[in-house]
Amino acid sequence: MALKNINPTATNAWKELTNHFNDIQNINIKDLAKDVNRKEDFSLNFDDLSVDFSKNRITKETIQLLVDLAKEVDLKDAIEKQYSGEIINVTEGREVLHTALRSSSEEPILVEGKNIKPQIQAALRKIKSFSNKVISGKWKGYTGKSITDIVNIGIGGSDLGPDMVVESLKHYKNQLNTHFVSNVDGDHVSEIIKTLNPETTLFVIVSKTFTTQETITNSETIKNWFLKSATIFDIPKHFVAVSTNLEAVDNFGIDKKNVFPMWNWVGGRFSLWSAVGLSISLSVGYDNYKALLEGAEEMDLHYKNEEFDKNIPVILALISIWYNNFYGAETEAVLPYSQYLKKLPDYLQQAIMESNGKGVDRNGDKIDYQTGTIVWGSTGTNMQHAFMQLVHQGTKLIPADFIGYKESLHGLTDHHNKLMANYYGQMDALAFGKTKEEVHLELKFSGNEDKIESLLPFKVFEGNRPSNAILFDKLTPRSLGKLIALYEHKIYTQGILWNIYSYDQFGVELGKELAKKILNK
Ligand code: F6P
């Protein structure tokens, strides 16, 4: 049975939310914070994760009405359909089963009548044994030397997920150096090649279709470069592929034994949990890769089983809808206070914007309400010295997720205390601002009484700018898995509420077609 098709704006809950918004739109976070129980009432804890969403323009009634909306569009039914392998990617006629890739349960999941769990387990075993061989040095290149460098060749979902995770887990990496080539701009591949020795480099070509212009062009260029010093018989030792297109992979010269599977029931941007994540397993070892999957599974179970008002991805999705559809916020910021997570915003841009950037509903009708949020961001504290001026004092409302860790990975306590003081300081500044009176006193007592009149308006912070504090104990493969799965489920929740299909991406096709035509001319 297909997903339900309910226009959210036609629901009772939406009407009530509209009335509620009219009543409370001028509410101030500072006033709300006077309630001593606010932080406790507007926080959720799950294992090593706590989410404080108290610094939002919401009341208990707001949450209740948003939860009513989720119930009225039958989000529960949609979640069940995703997990059980129904064809919820209707426009492409596919199941959406990235959650199956990290499921440790024995319960079968059927695709076209066949249980997919054994294939998933077999792929994991293959990833494990291959990673072990390469990392231990047993896998030899064409001159008998061990591998030192891995190059992932792919684009979009076949690049952004693995690249982000490898960067985020750099602390856990082994001796292998991992590189990513994606852009069809020859400068990208040229710069990477410059640093490599063909005798000790392993290329992982990741392409579900094995027809993507960028990936094929980069792979051919790299193969030609490789063949300047090696022969075609050496290709199997240096090139492996992750793909569904076995024929094209074979034509490229890759040994069938070195092909890792991809499946149509996993979308590109949700595929890092499949063999698309091979470069992750190579970079941090299979056990860490498995821990990443386990962390994601923990979040999957939370999302599947928890009541909506205690469900972290659901609550974050609902709050985001509140700003997007009622306050008219145009963008959202993702601000990790960890340099390791510097690639998270790029990764989330594809995951969120390719999924929910849709203007037609599940009926095929043009939508007259706002859908997909624009997401952007960068790491703290760097961004405080870059774009945060606009977030603090600009004219736009920009809800922000602040992602932080209680513990530092390198034990530099002084750095970490400063980092986290900034993490909390930014959220307080956004929420509570600085009043005219405070600025007045500050200028007076700093010996600048004569400047009060001219400077005061510029130094006032209105405040009332929302944020969520997403705080983990420590950056580990497991907690990263949880974080990524959290955003995946937020995406799906929003797609369901907006009555769109989150798992297709026809919007990327026209540009590709036209580029081909222009190239042929
Ligand atoms: O950009 C569109 C897209 O189809 C993504 O969804 C996908 O991740 C990427 O291209 C790469 O596709 P492939 O893995 O087939 O090379």
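Predicted model: local features only at pLDDT ≥ 70, side-chain atom pairs only at ≥ 80, totals over all residues.
**Reading sheets, helices and rings**

Colleague: Okay, and which residue stands opposite Phe 260 in β9?

Modeller: That's Val 242.

Colleague: What is the order of the strands in the open sheet?

Modeller: You read β6-β5-β7-β8-β9, five strands with parallel pairing. At the edges are β6 (177-181) and β9 (259-261); each has a single partner strand, so one side of each has no neighbour in the sheet. From one strand to the next, the twist averages 20°.

Colleague: Which helices pack on the sheet?

Modeller: Helix α7 (residues 117-136) is one of them, touching β5 (149-153), β7 (201-206), β8 and β9. The direction of α7 makes about 145° with that of β9. Helix α9 (residues 186-194) packs there too, touching β5 and β6, and its direction makes about 160° with that of β6.

Colleague: Which residues of α14 are buried?

Modeller: Among them are Tyr 286, Tyr 289, Leu 292, Leu 293, Met 299 and Tyr 303. The buried residues also include Glu 297, Asp 300 and His 302.

Colleague: On to the rings. What describes a pair of aromatic rings?

Modeller: Two things: the distance of the centres and the angle of the planes. In this model the count comes to 27 aromatic pairs. Take Phe 402 and Tyr 423: their ring centres are 6.2 Å apart and their planes stand at 75°, so this pair is edge-to-face, since over 60 degrees counts as that.

Colleague: Where in the chain do Phe 402 and Tyr 423 sit?

Modeller: Phe 402 is in strand β12 (residues 400-405) and Tyr 423 in helix α18 (residues 413-432), so the pair links distant parts of the chain, 21 residues apart.

Colleague: Is Phe 402 buried or exposed?

Modeller: Buried, because its relative accessibility is 0% and the cut-off is under 20%. Tyr 423 is also at 0%, so it counts as buried.

Colleague: Which residues do ring pairs link into a cluster?

Modeller: Trp 14, Phe 21, Trp 322, Tyr 323, Phe 326, Tyr 327 and Tyr 369. Over the ring of Tyr 327 sits the charged end of Arg 57, 5.1 Å from the ring's centre.

Colleague: And what lies over the face of Phe 260?

Modeller: Lys 126, at 5.1 Å from the ring centre.

Technical notes: Residues numbered from 1 in each chain as written. Heavy atoms only, no water. Phe/Tyr/Trp six-rings, centres within 6.5 Å; stacked < 30°, edge-to-face > 60°. Helix = DSSP H or I, 4+ residues; strand = E, 2+ residues; numbered from the N terminus. Buried < 20%, exposed > 50% of the residue type's maximum accessible area, 1.4 Å probe, protein only. Lys NZ or Arg CZ within 6 Å of the ring centre and 35° of its normal. Pairing = 2+ DSSP bridges. Axes fitted to C-alpha atoms, helices over the stretch in contact; angles between N-to-C directions. Contact = heavy atoms within 4.5 Å.
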